[in-house]
Amino acid sequence: MGEVLLKVDDLKKYFPITEGVFQHTVGYVKAVDGVSFEINKGETFGLVGESGCGKTTLGRTIIRLQDKTEGDVTFKGMKVFDLKKEELRKLRPKMQIIFQDPYSSLNPRMTVGEIVGEALAEHGMAAGREVEDRVLKTLELCGLSPYHIKRYPHEFSGGQRQRIGIARALILNPDFVVADEPVSALDVSIQAQIVNLLMDLQQSYGFTYLFISHDLSVVKHISHRVGVMYVGSLVEMADKKELYANPLHPYTKALLSAVPIPDPTIKRDRIILEGDIPSPANPPSGCKFHTRCPYAMEKCSEEIPEYRNVGGGHFVACHLV
């Protein structure tokens, strides 16, 4: 095991539900509900789950784009939520994010050179001619041409815009990058280019990624370890090969059964989950998955299963295991 770069400890993020003229709080949306894991330096940690399970909220809370409700995030030995404004500002270049939507995350009134170089000037890491030199070098690393520097976002395709988003995140030479569904808005052929670009940059510069996606085949390609999230909680986490070869949680099994196989002669038994995903504002008692689980017992609706290591760094939260 390598050196631990980031440690997430029982992190919770609740959003209040308000009602009436005086906006009384009547409940909470439990978007992230007690998540714990570690990411080692130079590794890619894949985070998968259905839409609305809290993946993006978790990524944004880890790098303190949103405040936590409870829990802790430790980055390079520093408690992220204990930092004062000035300390946090110094940390910002070291933790970056690649946003999901390459259309809305770029300012349409700024040129590519301004978008990518803005943070360098803002953090006083370069000035004048040096900014342009570093922007050109970073654009080239991300597969863009020097003449793109004077163009505006609307002049690019989705794949090129995502490359601009990647360049903006990487120009500060961060230690840790949250890649929030960086390929979900792109065509399959472009997805492969972007994923390979991220992997090449990681090999060259030692970046550490939290790679958020609902596409299990992309996660399998890029990740070292994978965590599976369901309604705000991690239900399983293991080394990539172990998780795909030996899934233990019924939810993970169902997700993996839905991944298409490139060979049409091979038939896979699909596990079709009944019912809808529970609302994070009113999650079920006991195991959150028991309302859709084909193996649910009485115990599942009453007791929250312990999230534990079943051997070899394979963690699971299930009464059946």
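**Exercise 1. Is helix 1 (residues 55–62) mostly covered or mostly uncovered, and how many of its eight residues are buried?**

This is a predicted model, in which local features need pLDDT of at least 70, side-chain atom pairs count only at pLDDT 80 or more, and totals for chains, interfaces and linings use all residues. Residues are numbered from 1 along each chain as its sequence is written, and side-chain values use heavy atoms, with hydrogens and water left out.

Step 1. Helices (H or I, at least four residues) are DSSP runs, numbered from the N terminus. Buried means under 20% relative accessible area, exposed over 50%, partly exposed in between (1.4 Å probe, protein chains only).

Step 2. Count. Six of the eight residues in helix 1 are buried, so the helix is mostly covered.

Step 3. Name them. They are Lys-55, Thr-57, Leu-58, Gly-59, Thr-61 and Ile-62.

Step 4. Look past the end. Arg-64 follows helix 1 and has a positive phi, near 60°.

**Exercise 2. Describe how helix 3 packs against helix 4.**

Step 1. Take the geometry. Helix 3 (residues 112–122) and helix 4 (residues 129–141) meet at an angle of about 115°, with axes 9 Å apart. Axes are lines fitted to C-alpha atoms, for helices over the stretch in contact, and angles run from 0 to 180 degrees between N-to-C directions.

Step 2. Classify. Helix 3 is therefore roughly perpendicular to helix 4. The classes are: under 35 degrees roughly parallel, over 145 roughly antiparallel, 65 to 115 roughly perpendicular, the rest oblique.

Step 3. List the contact (heavy atoms within 4.5 Å). Helix 3 supplies Val-112, Gly-113, Val-116, Gly-117 and Leu-120; helix 4 supplies Val-131, Arg-134, Val-135 and Leu-139.

Step 4. Sort these residues. Six are nonpolar, two polar and one charged. Here Ala, Val, Leu, Ile, Met, Phe, Trp, Tyr, Cys and Pro count as nonpolar, Asp, Glu, Lys and Arg as charged, and the others, Gly among them, as polar.

**Exercise 3. Describe how helix 3 packs against helix 5.**

Step 1. Take the geometry. The angle between helix 3 and helix 5 is about 25°, and their axes are 7 Å apart. That makes helix 3 roughly parallel to helix 5.

Step 2. List the contact. Val-112, Ile-115 and Val-116 of helix 3 meet Ile-164, Ala-167 and Arg-168 of helix 5.

Step 3. Sort these residues. Five are nonpolar, none polar and one charged.

Step 4. Check the cover. Helix 3 buries Val-112, Gly-113, Ile-115, Val-116, Gly-117, Ala-119 and Leu-120. Their cover includes helix 4 and helix 5. Just after helix 3, Gly-124 has a positive phi of about 65°.

**Exercise 4. Which members of the largest nonpolar core touch the most other members?**

Step 1. Define. A nonpolar core is a set of buried Ala, Val, Leu, Ile, Met, Phe, Trp, Tyr and Cys residues joined through side-chain atoms within 4.5 Å.

Step 2. Read off. The core has 57 residues, and Val-116, Leu-139, Ile-164, Ile-166, Leu-198, Leu-201 and Tyr-251 touch the most other members. A second, separate core of 30 residues includes Leu-5, Leu-11, Ile-97 and Ile-212.

Step 3. Follow Tyr-251. Tyr-251 lies in helix 9 (residues 250–257). At 0% relative accessibility, Tyr-251 counts as buried.

Notes
Helices (H or I, at least four residues) and strands (E, at least two) are DSSP runs, numbered from the N terminus.
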